[in-house]
Amino acid sequence: VRELLAAGGMPDAPPDQMMDPMREVLLTVVFAQLVAMLGDGTAEDRAAAAEALWKLSRNAANTAAIVAAGAIGPLAVLVRDGDALGKAYAANALANLSSGNAANTAAIAAAGAIGPLAAIVCDGDAQGKANAAVALAILSIGDAANTAAIVAAGAIGPLAALVCDGDAQGKANAAVALAILS
């Protein structure tokens with residue numbers, strides 16, 4: 001997997017590609033290796049693994065396999081302890097895994113990702129702020145407990161500041177997050 005990532009990364013997964021049995025077996029192995037990379041290796045390795053999981057998690061057929069490989073906990077740790085790029089990619093992966101899936105949303109909150117995501121909105125780089133804002137928005141959809149946790153984590157002020165002072169993507173994502181949180 002490291003060689004594949006070094007050669008230019010994992011290709012984006014088509015959104016609704018059907019899974020054939022051989023592809024499922026291969027991806028199960030790849031997901032397990034990517035999850036392992038989230039916890040060891042260099043900061044660059046961890047960011048590359050998070051990027052691959054983010055891109056692959058855009059495919060609904062991959063989401064369950066990524067979660068089954070144990071990705072939520074290590075992604076939550078990376079969002080807290082990674083470098084700027086690792087945090088940004090981990091935030092996007094968590095957003096994708098949460099989208100439309102209440103069980104994954106609960107698991108992400110239980111893994112402690114809400115506080116670190118709020119912190120990224122406050123003091124991350126531009127990409128991290130934008131990605132964390134969208135992750136917080138998705139985590140709060142229809143979930144009063146997560147909404148309360150996001151508010152308690154102090155995310156409202158930094159989201160409002162991002163609407164005013166962020167780049168185009170950060171402004172848009174923060175505005176959506178604030179609309180959902182209100």
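The side chains of Lys55 and Glu51 form a salt bridge, with an N to O distance of 3.0 Å. This is a predicted model, and the values below are computed from it. Lys55 has a relative accessible area of 17%, and because buried means under 20%, Lys55 counts as buried.

The search of the whole structure gives two salt bridges. The other pair is Asp81 with Arg80, whose side chains meet at 2.7 Å, N to O. Arg80 is partly exposed, at a relative accessible area of 45%.

| Salt bridge | N to O distance |
|---|---|
| Lys55 and Glu51 | 3.0 Å |
| Asp81 and Arg80 | 2.7 Å |

The structure holds one aromatic pair. Trp54 and Tyr89 make up this pair, which is stacked, with 5.6 Å from centre to centre and 20° between the planes. The pair links distant parts of the chain, since Trp54 is in helix H3 and Tyr89 is in helix H6 (residues 84–98), 35 residues apart. The label "stacked" applies because the planes are under 30 degrees apart. Trp54 and Tyr89 are both buried. Trp54 has a further neighbour in Arg58, which lies over the face of Trp54 at 4.9 Å from the ring centre.

A separate feature is found on the surface. Ile141, Val176 and Ile180 make a nonpolar patch of about 240 Å². Ile141 sits in the loop between helix H9 (126–140) and helix H10 (144–152). Its relative accessibility is 54%, and Ile141 is therefore classed as exposed, the cut-off being over 50%.

For the protein as a whole, the secondary structure consists of 12 helices and zero strands. The pattern along the sequence is accordingly written α-α-α-α-α-α-α-α-α-α-α-α. The protein has 182 residues, and 43% of them are buried. Of the contacts between residues at least 6 apart in sequence, 64% join residues at least 24 apart. The accessible surface comes to about 8,100 Å², and carbon and sulfur atoms account for 61% of this area.

Technical notes
Residues numbered from 1 in each chain as written. Predicted model: local features only at pLDDT ≥ 70, side-chain atom pairs only at ≥ 80, totals over all residues. Heavy atoms only, no water. Salt bridge = Lys/Arg side-chain N within 4 Å of Asp/Glu carboxyl O. Buried < 20%, exposed > 50% of the residue type's maximum accessible area, 1.4 Å probe, protein only. Phe/Tyr/Trp six-rings, centres within 6.5 Å; stacked < 30°, edge-to-face > 60°. Helix = DSSP H or I, 4+ residues; strand = E, 2+ residues; numbered from the N terminus. Lys NZ or Arg CZ within 6 Å of the ring centre and 35° of its normal. Patch = residues over 30% accessible without salt bridge, like charges linked within 9 Å, V, L, I, M, F, W, Y side chains within 5 Å. Areas by Shrake-Rupley, 256 points an atom, 1.4 Å probe, with all protein chains shown as cover. Contact = heavy atoms within 4.5 Å.
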